[in-house]
Amino acid sequence: MDNKTMNAAVMKEKGRIEVERIDRPSPGPDEALIKVACIGICGSDIHYYEHGRIGRYVVDGPLILGHEVAGTVVEIGERVANLKVGDRVAIEPGIPCGRCEYCKGGRYNLCPDVFFLATPPDDGAWADYIAMRADVLFPLPDSMSFEEGALLEPLSVGYHAMNRANVKPSDRLFITGLGPIGLLAIQAAKLFGVREIYASDVVAFRREYALKLGATAVFDPLSDSIAAELANRTGGEGVDVIVESSGNHGSIASTVSLAKRGGRIVFVGLPPENGVSLNVDKIIDSELNIYGVFRYANTYKAAIQAYAGSGLDIAEVITHSFGLKDINEALHAARTQKDKAIKIMIYPGAEQEA
């Protein structure tokens with residue numbers, strides 16, 4: 001194969017992805033070219049594939065998905081000074097404008113003009129190579145694998161949630177919804193020193209995984225009285241922080257009644273439709289603090305420093321691996337095997353190395 005083209009998985013239209021040869025990118029003066037080692041499938045990728053849109057972001061032409069990525073620097077632009085060829089890096093997928101009030105205030109995840117991988121109209125990284133600005137590339141320590149580097153992206157959502165809620169080691173946490181974000185929120189909480197972590201999900205396989213990752217106890221919201229369980233296990237004191245990552249209407253509404261007085265609620269999961277009812281009287285009477293989480297900001301460097309040497313293994317959430325050429329099979333597994341699949345990892349170079 002020539003060095004001017006590469007393989008990429010291109011979504012031609014809703015529900016149709018084809019692996020084809022496209023032009024290989026060249027890095028600009030402030031960019032580096034990354035050979036992709038591995039890249040995860042995210043729930044947003046599946047949503048774009050199935051529905052062609054997420055809220056105001058609409059797929060209106062061919063699009064490359066994928067934003068959880070790590071790889072190796074193979075070429076750098078003339079002004080790049082923080083990297084060298086051969087560096088193993090994790091890629092933070094957003095490039096903010098750097099000029100608006102949100103960027104200037106350090107909350108660049110709210111930048112209205114951000115470039116974000118795999119968010120229409122911006123292409124993602126289900127490909128052999130990707131060129132990105134050097135300041136969003138974070139070198140991985142030798143102790144971290146490419147898989148752990150790619151998983152820094154979903155881990156960052158949990159890490160940002162902990163920051164938003166000002167989580168302390170003494171806090172008791174309850175996490176609802178145990179997809180990859182919820183499971184990695186358990187690990188994020190551990191990085192903040194939390195020892196008492198409860199969690200719930202309707203899928204037994206995911207509850208078992210939460211225990212494997214260190215949850216104190218898990219509940220089935222369809223059969224367990226979660227309020228009674230939490231009261232019993234905390235001696236009636238309740239939980240300090242609730243991280244809602246399921247996006248289920250009932251689960252979102254229940255957080256207000258489950259949080260202790262003066263507690264904190266972090267909403268991460270997006271409901272399929274708006275219009276969730278919350279008990280405002282309880283919010284006011286209990287003086288609850290409610291936070292939204294949109295992606296993350298200033299997490300990659302901090303998460304790498306906290307994670308390296310922590311003894312945790314976020315790669316435990318990887319249940320399936322596929323080559324890029326098998327992307328449709330991988331998507332089918334992600335969409336239909338909720339009782340078996342958690343995080344599916346794609347390896348673009350697998351077919352070349354086979």
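This passage describes the overall fold of a predicted model and the surroundings of selected residues. Residues are numbered from 1 along each chain as its sequence is written, and side-chain values use heavy atoms, with hydrogens and water left out. In this predicted model, local features need pLDDT of at least 70 and side-chain atom pairs count only at pLDDT 80 or more, whereas totals for chains, interfaces and linings use all residues.

The protein contains 12 helices and 20 strands; these are DSSP runs numbered from the N terminus (helices, H or I, at least four residues; strands, E, at least two). The C-alpha trace spans about 65 × 40 × 40 Å along its principal axes. For 354 residues, a compact globule would have a radius of gyration near 20 Å, and the value of 20 Å for the protein agrees; the radius is taken over C-alpha atoms, and the globule rule is 2.2 Å times the number of residues to the power 0.38. Of the 354 residues, 52% count as buried (buried, under 20% relative accessible area; exposed, over 50%; partly exposed, in between; 1.4 Å probe, protein chains only). Among contacts (heavy atoms within 4.5 Å) with a separation of 6 or more, 70% are accounted for by residues 24 or more positions apart.

UniProt lists residues 15–346 for "domain: Enoyl reductase (ER)" in an unreviewed entry; positions are given in the numbering used here, feature names are shortened, and annotations may be inferred rather than shown by experiment. Over residues 15–346 the chain is 28% helix and 27% strand, and the end C-alpha atoms lie 18 Å apart.

His67 is located in the loop between strand E6 (63–64) and strand E7 (68–76). With a relative accessible area of 5%, His67 is buried. Beyond its neighbours within four places in sequence, the contacts of His67 include Cys42, Asp45, Phe116, Ala118 and Glu153. The C-alpha atoms of His67 and Ala118 are 6.1 Å apart, although 51 residues separate them along the chain.

Gly40 belongs to strand E3 (residues 31–40) and is buried, with a relative accessible area of 0%. Not counting residues up to four places away in sequence, Gly40 touches Asp45, Glu68, Trp126, Lys343, Ile344 and Met345.

Leu110 lies in the loop between helix H2 (101–104) and strand E10 (115–116). Leu110 is partly exposed, with a relative accessible area of 32%.
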